[in-house]
Amino acid sequence: MAKFLIADDEQGIRQVIKEYCEFEGYETEFAADGMDAVKKARETDFDMIIMDAMMPKLDGFSATKEIRKSKNTPIIMLSARVEEYDKLHGFEMGVDDYVTKPFSPKELMARAAAIMRRGALSEDKMTSGNLTIDFAGCAVFIGGKRVPMTPKECELMFLLARYNGKAFTRQELLDKIWGFDYYGDDRTVDTHIKMLRKSLGNHRDKIVTVRGMGYKAIL
């Protein structure tokens, strides 16, 4: 399970981000100032750090610079400053993304997930018989031949494969693939699973229906 460090001196903001992180299945830890953020980042291997730019003791930019001396943990900077200079300064210090306040927690989670996907997919590949899932290349191959898939089929395949054996409800798949604000129903998931199975051909049985719940991959 991915673990996030939420560094912000405002308790309300920490709590909101924590709730959205937990909804996504992430563990969280808090830091209320820059010094504490650096200390915890050095002691623990977090998967993501969400850091406020303006904090007591040590600002977010300086904290990022210190963390980068020993860790390459992805960092998203939160700031009320919208000037280009501040954003460029953040990237120069080593942040991976810059989100201005006030921000959408949904967008923040989407940005965090995208950054982690880039890092994880850069080196991942999974093989089951003659079926190969190339996360880095965003492609699926059967017998060395690339399988044509729609973007949503690919997202479903990659999600189920990455959590091989874990069952997802239809609602969880809707939230993770289509987004929180999608207004479709369960039939959307069923339709795309049917398409995915058709694309997989003889490997269609690797996408398993969990009766009364949803779907999982068995690779």
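Helix α6 lies across β6, β7 and β8, and runs at about 100 degrees to β7. The model is predicted: local features need pLDDT of at least 70, side-chain atom pairs count only at pLDDT 80 or more, and totals for chains, interfaces and linings use all residues. Residues are numbered from 1 along each chain as its sequence is written, and side-chain values use heavy atoms, without hydrogens or water. Helices (H or I, at least four residues) and strands (E, at least two) are DSSP runs, numbered from the N terminus. The protein has eight helices and twelve strands.

**Overall dimensions and burial**

- Along the principal axes, the C-alpha atoms fill a box of roughly 60 × 35 × 30 Å.
- Of the 219 residues, 45% count as buried; buried means under 20% relative accessible area, exposed over 50%, and partly exposed in between (1.4 Å probe, protein chains only).
- Contact means heavy atoms within 4.5 Å. Among contacts with a separation of 6 or more, 56% come from residues 24 or more positions apart.

- The open sheet has the order β6-β7-β8-β9, with antiparallel pairing. Two strands pair if DSSP finds at least two bridges between them.
- β6 (125-128) and β9 (145-146) are the edge strands; each has a single partner, so one side of each lacks a neighbour in the sheet.
- Four bridges link β7 (residues 131-134) and β8 (residues 139-142) in the antiparallel sense. Ile 133 stands opposite Val 140 in β8.

- A second topic is the open sheet of three strands, ordered β10-β12-β11 and paired antiparallel.
- Here β10 (168-169) and β11 (207-210) stand at the edges with a single partner strand each, so one side of each is left without a neighbour in the sheet.
- β10 and β12 (residues 214-217) pair antiparallel over two bridges. Thr 169 is opposite Gly 214 in β12.
- α6 packs on this sheet too, touching β10, β11 and β12. Its direction makes about 70 degrees with that of β12.

**Helix α6 against α7**

- The axes of α6 (residues 151-162) and α7 (residues 170-178) come within 10 Å and cross at roughly 120 degrees. Axes are lines fitted to C-alpha atoms, for helices over the stretch in contact, and angles run from 0 to 180 degrees between N-to-C directions.
- From α6, Lys 152, Glu 155, Leu 156, Leu 159 and Leu 160 meet Leu 173, Lys 176, Ile 177 and Trp 178 of α7.
- By class, this contact has six nonpolar, no polar and three charged residues. Ala, Val, Leu, Ile, Met, Phe, Trp, Tyr, Cys and Pro count as nonpolar, Asp, Glu, Lys and Arg as charged, and the others, Gly among them, as polar.

- β1 (residues 3-7) and β2 (residues 27-31) run parallel, joined by five bridges. Ile 6 stands opposite Phe 30 in β2.
- With helix α1 (residues 11-23), these strands make a right-handed β-α-β unit. Right-handed means that, with the strands pointing away from the viewer, the path from the first strand over the helix to the second runs clockwise.

- Most residues other than glycine have a negative phi, and most peptide bonds are trans.
- The Lys 101 to Pro 102 peptide bond is cis, with omega near -5 degrees. Pro 102 is in the loop between β5 (97-100) and α5 (105-121).
- Lys 57 has a positive phi, near 70 degrees. Lys 57 is in the loop between β3 (48-52) and α3 (60-67), and counts as exposed at 69% relative accessibility.
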